Amino acid sequence: ANQQDLSKKKILITAGPTYEKIDPVRFIGNYSSGKMGFALAEECAARGAEVTLIAGPVQIKTVHPNIHRIDVESAKEMYEASVANYPSSDAGILCAAVADFTPELVADKKIKRKGDELTVVLKPTHDIAASLGEMKRDDQLLAGFALETNDELQNAQSKLERKNFDFIVLNSLNDEGAGFRHDTNKISIIDKNGKTDYPLKSKREVATDIIDRLVQLIK
Ligand code: C5P
């Protein structure tokens with residue numbers, strides 16, 4: 001996209017997984033690569049936006065000079081960076097695969113093998129999406145992602161309402177080439193008016209479709 005249809009706009013994007021520490025050498029993580037969120041950041045910057053990219057631990061570089069990257073590790077760090085940066089943004093796109101639970105206690109020394117079992121007690125993390133949804137002003141937009149294994153449309157619709165999203169991008173684990181770690185993705189965009197399906201595309205082309213939708217809604 002050569003059109004500068006996001007010039008003077010500030011966009012906050014979360015991307016990648018989070019790592020929740022168990023002890024100094026172990027963590028609970030997930031398979032998110034960050035590719036979709038980074039593709040969205042490059043697309044927004046190419047269209048003239050100032051981007052704040054809050055990235056979990058990923059192996060990708062940012063290219064565009066108008067991407068301001070904040071590297072975080074845990075859900076708590078991602079939450080704090082997101083809450084601090086959303087008020088000055090025109091829109092937020094929450095693409096990160098944030099841990100829903102984190103160890104209640106982090107061992108300060110490496111846990112030794114002993115006994116027959118080890119119990120790690122987990123407590124819930126902050127839902128970043130729900131928090132930003134509550135903070136959202138009338139002049140701001142918020143979009144999220146959903147990866148569902150069953151009852152996709154219903155779950156996506158209730159998530160749209162619960163988190164106060166303007167639209168939600170649904171990627172299905174049931175589709176070949178979609179979701180985690182792939183370079184391609186197959187999405188549907190759901191808003192209060194219904195659902196639009198898109199064919200399998202590269203993540204950058206998917207980013208163009210998502211940002212086209214954002215531009216239609218942005219004030
Ligand atoms: O409820 P669920 O985790 O499936 O919702 C997914 C959406 O919520 C994604 O946009 C994800 O980035 C966001 N999310 C978040 N903070 C969490 C959990 C999910 O921002 N703790």
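Me: How are helix axes and the angles between them defined, and at what angle do α2 and α3 cross in this predicted model?
Reply: Axes are lines fitted to C-alpha atoms, for helices over the stretch in contact, and angles run from 0 to 180 degrees between N-to-C directions. In this predicted model, the axes of α2 (residues 75–85) and α3 (residues 128–135) come within 10 Å of each other. Their crossing angle is roughly 15°.

Me: Is α2 roughly parallel or roughly antiparallel to α3?
Reply: The two axes cross at roughly 15°. Angles under 35 degrees count as roughly parallel, so α2 is, relative to α3, roughly parallel.

Me: Which residues make the contact between α2 and α3, and how many of them are nonpolar?
Reply: The crossing of these helices is right-handed. From α2 the contact draws on M78, Y79, S82 and V83, and from α3 on I128, S131 and L132. No charged residues take part, 2 are polar, and the number of nonpolar residues is 5.

Me: Which element supplies the largest share of the shell around the ligand?
Reply: The ligand has 15 residues around it, of which L94, V98, I128, A129 and G144 come nearest. By class, this shell holds 9 nonpolar, 3 polar and 3 charged residues. At least two residues come from each of α3 and β9 (141–148). The largest share, 3 residues, is supplied by β9.

Me: Does V58 count as buried or partly exposed?
Reply: V58 lies in the loop that links β4 (50–55) and β5 (67–71). A residue is buried if 20 or more other C-beta atoms lie within 10 Å of its own, and exposed if 12 or fewer do. V58 has 17 such neighbours, and therefore counts as partly exposed.

Me: What is the C-alpha to C-alpha distance between V58 and P17?
Reply: Leaving aside residues up to four places away in sequence, V58 touches A15, G16, S33 and G34. V58 and P17 are 41 residues apart in sequence. In space, their C-alpha atoms are separated by 7.6 Å.

Me: What is the orientation of α1 relative to α5?
Reply: Helix α1 (residues 35–46) packs with helix α5 (residues 203–217) at about 60°, the axes being 8 Å apart. The crossing is right-handed. Because of the angle, the orientation of α1 to α5 is oblique.

Me: How many charged residues does the contact of α1 with α5 have?
Reply: On the α1 side are K35, M36, A39, L40, E43 and C44, which meet K203, R204, A207, T208, I210 and I211 of α5. The contact includes 7 nonpolar residues and 1 polar residue. The number of charged residues is 4.

Key: Residues numbered from 1 in each chain as written. Predicted model: local features only at pLDDT ≥ 70, side-chain atom pairs only at ≥ 80, totals over all residues. Helix = DSSP H or I, 4+ residues; strand = E, 2+ residues; numbered from the N terminus. Parallel < 35°, antiparallel > 145°, perpendicular 65-115°, else oblique. Left-handed = near helix turned anticlockwise from the far one by under 90°. Contact = placed C-beta atoms within 7 Å. Nonpolar A, V, L, I, M, F, W, Y, C, P; charged D, E, K, R; others polar. Near = placed C-beta within 6 Å.
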